[in-house]
Amino acid sequence: MLVLIGCSFVLAVGFLIAFIWMVKSGQIDDDYTPSVRILFDDKIKDDEQ
Amino acid sequence: MKDNKIETVCHHCGDICNDGILPYKNKNFCCVGCKNVFMLLLENNLTDYYNIEAAPGKSMKNVQKEKFAYLDDTVVQSKIIQYSDDKIARLQFTIPSIHCSSCIYLLENIYKIAEGIVSVRVNFLKQTASIVYNVNKMSLRQLVELLAKIGYEPHLSMNDIGEKRQANTNRKLYFQIGVAGFCFGNIMLISFPEYFGLDVGTKQYFSNAFAYINLGLSIPVFFFSGQDYLFGAYRGLRKKMVTIDVPLAIGLVVLFVRNCYEILSGTGIGYCDTLAGLVFFLLIGKWFQQKTYESLSFERDYKSYFPISVMTINDGVYTPIAINKLKVGDRILIRNNEIIPADSILLKGQANIDFSFVSGEKEPIRKELGEVVYAGGRQTNGNLELEVCKLTEQSYLTQLWSNNVFAKETDSQVGTFQTKVSKYFTWILLAVAFSAAIFWMVFDNSKVIHAFTSVLIIACPCALALSSPFALGNAMRNLGRNQFYLKSANVVEKIANINTLVFDKTGTITQNEQAVISYEGDTLSATDKILITVAARNSIHPLSIRIANFLNCNENMLVQSFKEYAGKGISAHIAGHEVLLGSAQFLNIPHKEVNELSTLIYVSIDKKVKGFFQINHSYRNGLDNVIKQVSKENNLHLLSGDNNSEEPLLRNIFPSSANLLFKQSPSDKLLYISNLQANNNKVMMFGDGLNDAGALKAAYVGVSVSEDTSSFSPSSDVIMDANRFEHLPQFLQYCKNTMGVIYISFCLSLAYNIVGLSYAVSGTLSPIIAAILMPISSVTVIGFTSIATYLLAKKMNIKHI
């Protein structure tokens, strides 16, 4: 039983580390631009005139 | 559309093509600049720019070359570039013209145009672009010129150099929330058996292990996540101020100590869940309140208005020099539309300087050779050569910043409702705790400590501490949706307290565009036009100047006599004709009724009345209505840097009790505000230019009214979009009503406290009651304030989330 608690705890700490990593890499610094950026298409050359 | 002709809109910038249309590939353009940008984008296959949003570009009519020569200077470069090696350089520009998704698209694909650019990353909200470029293929100057060429000129000012951007300080709060949330969740999970009274049976070591894990988890909550409250309370007490942090810190410390004691001594399981939950909710409240408008700067001073550098002339050699290196006696070259960086003497050129931003005067001022030209003016007529006679920091205008209102760091906590309440709250709390302790000392000695600490724990004013952040934060967000941007949420409360409004005139209650003039009456012959122009040109009255500009005649005629009658009109004899310009009364004819915001100037030539010019004053829409509404509850004042030619008009708009003052210098305004406040008035000052900067700073609430919120505005508490001016009374009322919401939610949280205290005083508080009561009270308060502020905004027709 203690092993299970240990496992759940390790998992939770993993998420905490992921969260800290996310903040450090600047993902929360700009919460608007990426939502626009993802909609841009890569254009194939010379498809218009 | 007033005219019947079809207006052609520029495909690039969306402006109406007034000066002819330039067609290219079935698209119409207003100027060569716009067309060139289109051609450049077409060539590089970036025409998606025009598909994402319609006409996203910036008008290219007023672009000048040679402007960025100073960027070749290595000293300037080193201040702008954040990192560079022998291959690449990285920097970050603020680009005020970023305004739509097309902008992001174009800037991030700009590497397709210029090979030297490695990557561009736009932050839309901050209006910044992080650029990496290849130093071997491109110079900084070329980079900036390319950006300027496609309409995205970076904002380069004295303020931006020398200050490297620091990492986001907000991140610490996210870490704290993350840790608190993590610990809160896990403690709850581990406390479940206890909540439900599950029998862990014979295995006593489980509940011991759980208790120790909980204690371990509450350590980072207390020392890391909750540290700001502990330090805040300490700082407050040192200043002899009991802020809301004090009762919070008492609660946190008591909780933590009691947890340690109970768990280590094995007498109980402690209140770890309450501790973690408390800190978690508090931090959420703080995060909610801390939203800031990143693209707006509330702390600007004159440095961000002045350019980085200026051209100096030394024996015919032109060298760019950083403004802070200018010396007295330097000769400088100012090109058309450039800003004069320091008080200087005019040596060469036709100075026609627009001081509207500095002094509030509308019309450009002509300066003669040898006169002193003040820093901050913008040259509007060709190039000038000047000799610097005072350093930038000591110039007439920038001296204002040495006034001590700019040195004063205002503590936002002082005098807020929350601070006032928490003072009483803390004393009452301590009184209750000690009386409970004394009571049990008499009746049951074993319960003394339990009752005492329970009171301090359960009364920890979490809900109270949350009511202000959520109500004010919501109000701030809703106002932000209406382009009424507050520097911080506390400003809502300040606005609710004001009783005096002070307005600047030019640019604040007037629009920046020129007044609209029209002529009605008999058709004017060419000679008539010349006669009127010549007569009007002799007068310096702003209305005469406008009429002269409106007729736009260059011919000259001999003026035999000229007389100006103050407040009435002018009469002139020109080439044998008698010209009269003035009011109906002046010309002895019946007056025509028009709305009070426009002036009629009648014309008569050789005693024959020809007609009149109607000059519509460019007051902001709904100004009279705004003034009428706000004057009910506030005293009004007007401080104008302009002359008093518009006083009669303004008298009609403002109530008779209002104080209208003209020809006020920047320091006059500052002094006036300080005097008002010395008499216990809570002043809200509305201004727009550098000349109001002192007054805005000195005022209890400074509002800078701006036509373009991303461009320069002096430091203030609120930045307001000028187009929203007519809604001002609603905004003020909304702030007042928001305070009402806070009062009610405050009572709510007190009610919860009383329930909790009844358990605590009787010595029957158990961890599970604390763990239920604390989140419930917090959630109620958060829910109530959010719904109430939402409903308020809806009822008052304020755009809301």
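B:Phe503 stands opposite B:Phe686 of strand β26(B), strands being DSSP runs of E of at least two residues and helices runs of H or I of at least four, both numbered from the N terminus. The model is predicted: local features require pLDDT of at least 70 and side-chain atom pairs pLDDT 80 or more, whereas totals for chains, interfaces and linings use all residues. Residues are numbered from 1 along each chain as its sequence is written, and chains are lettered from A and ligands numbered from 1 in the order in which they are written.

In chain B, strand β17 (residues 500-504) runs parallel to strand β26 (residues 683-687), and four bridges join the two; strands are taken to pair if DSSP finds at least two bridges between them. Both belong to an open sheet of seven strands with mixed pairing, ordered β16-β28-β27-β26-β17-β24-β25. Its edges are formed by β16 (484-486) and β25 (659-661) of chain B, each of which pairs on one side only. From one strand to the next, the twist averages 15°.

Chain A contains two helices and zero strands. Helix α1(A) comprises 23 residues and spans 33 Å from its first C-alpha to its last, close to the 33 Å expected at 1.5 Å a residue (1.5 Å times one less than the number of residues). One of these 23 residues is buried, so α1(A) lies largely in the open. Just after α1(A), A:Gly26 adopts a positive phi of about 85°.

The contact between the chains involves 17 residues from chain A and 19 from chain B, contact requiring C-beta atoms, placed from the backbone, within 7 Å. On the side of chain B that touches chain A, α6(B) gives the most, with six residues. Nine residues of that side are nonpolar, seven polar and three charged (nonpolar: Ala, Val, Leu, Ile, Met, Phe, Trp, Tyr, Cys and Pro; charged: Asp, Glu, Lys and Arg; polar: the others, Gly among them).

Helix α1 (residues 2-24) of chain A packs against helix α6 (residues 170-195) of chain B at an angle of about 170°, with the axes 10 Å apart; axes are lines fitted to C-alpha atoms, for helices over the stretch in contact, and angles run from 0 to 180 degrees between N-to-C directions. The two helices are therefore roughly antiparallel (over 145 degrees; under 35 is roughly parallel, 65 to 115 roughly perpendicular and the rest oblique).

How values were computed:
Contact = placed C-beta atoms within 7 Å. Buried ≥ 20, exposed ≤ 12 C-beta atoms within 10 Å, placed from the backbone.
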